[in-house]
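Please keep the structure in view while reading the numbered points.

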Amino acid sequence: MLPATLFAEDFPRINLYTENYGTFNYSLTGAAYEHDIEDIGGTATEIVEKLFTEAGIDFKLRLRTWSVAYERAVERPNYGVFSTGRTESREDLFEWVGPVGQYSWILLAKSDNNLSIDSLTDLRGLRIGGYEGDAATTFLQGQGYEVSTLPNESLNAQRLANDLIDVWITSDINGYKVAEESGYPDVEEAFRIRTVDLYLAMNPETDPRVINALNSAYDALIARGEITFD
């Protein structure tokens, strides 16, 4: 955490939440929950820390499950969550700062599958597994597809292996890693849906001076080449 002397005294303290998600944000100790930024790593975490340092705003970062992290930011002023996919359905729910990363929504299937998916319409009749509250899952549901969701992403790899679902909606940054770690690595990409920018999503009732300061800090870091996505 930054020295208190760096903070603008009239800025409120900001509460941030994140989750274990690929290389963007994760527990450095391998835990499901973390209470301090010292135990949280990832490329997006580094960018967010730079943003708050540049803006001179004090913050507290915790790592929780996605559903808890997202809910806090939706409901409470001066709360935020990352890394959050900026989608049409979420646009008006937050004030956005970033992007802090980029990923693609993909459909994974068993390596020995006989599927032929060239567009979303080819999903009709397939059993789709997803992660509860995930942006990609929510997108498919919004398109009228039935998705069997679970609160634990790793169980979807197991469901694929046991023929309980045909495809798993996930991301290129997280899906293969989750499959490997859960002991069911024999998966392959069956279809790539879209590429999405990831942001720090702030509750819309957050002090507007905070949002302005963070966006100005982002622009300054980009101009100096301190934020890149190479």
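1. Basis. The model is predicted, and local features need pLDDT of at least 70, side-chain atom pairs count only at pLDDT 80 or more, and totals for chains, interfaces and linings use all residues. Residues are numbered from 1 along each chain as its sequence is written, and side-chain values use heavy atoms, with hydrogens and water left out.

2. Sheet. Eight strands form an open, mixed sheet in the order β4-β1-β5-β10-β6-β9-β7-β8. Strands here are DSSP runs of E with at least two residues, helices are runs of H or I with at least four, and both are numbered from the N terminus; two strands pair if DSSP finds at least two bridges between them. The edge strands, each pairing on one side only, are β4 and β8. From one strand to the next, the twist averages 25°.

3. Antiparallel pair. Strands β6 and β10 are joined in the antiparallel sense by 13 bridges. Leu108 stands opposite Glu189 of β10.

4. Crossover unit. Strand β7 (residues 128-131) runs parallel to β8 (residues 147-150), with four bridges between them; Gly129 has Ser148 as its bridge partner in β8. Together with helix α3 (residues 135-142), these strands make a right-handed β-α-β unit. Right-handed means that, with the strands pointing away from the viewer, the path from the first strand over the helix to the second runs clockwise.

5. Nonpolar cores. A nonpolar core is a set of buried Ala, Val, Leu, Ile, Met, Phe, Trp, Tyr and Cys residues joined through side-chain atoms within 4.5 Å. The largest has 50 residues, of which Leu16, Phe52 and Leu140 touch the most other members. Elements supplying at least two residues each include β1 (14-18), α1 (43-55) and α6 (208-223); α6 gives the most, with seven residues. A second, separate core of twelve residues includes Ala73 and Tyr199.

6. Asn78. This residue is in the loop between α2 (66-75) and β5 (79-85). Why does Asn78 count as buried? Its relative accessibility is 18%, and buried means under 20% relative accessible area (1.4 Å probe, protein chains only). The side chain of Asn78 reaches the backbone nitrogen of Asp207 at 3.1 Å. Leaving out residues up to four places away in sequence, Asn78 touches (heavy atoms within 4.5 Å) several residues, among them Pro12, Arg13, Met202 and Thr206.

Notes: A polar contact is a pair of N or O atoms within 3.5 Å; within protein, one must be able to donate a hydrogen and the other to accept it, and residues adjacent in sequence count only if both atoms are side-chain atoms. Axes are lines fitted to C-alpha atoms, for helices over the stretch in contact, and angles run from 0 to 180 degrees between N-to-C directions.
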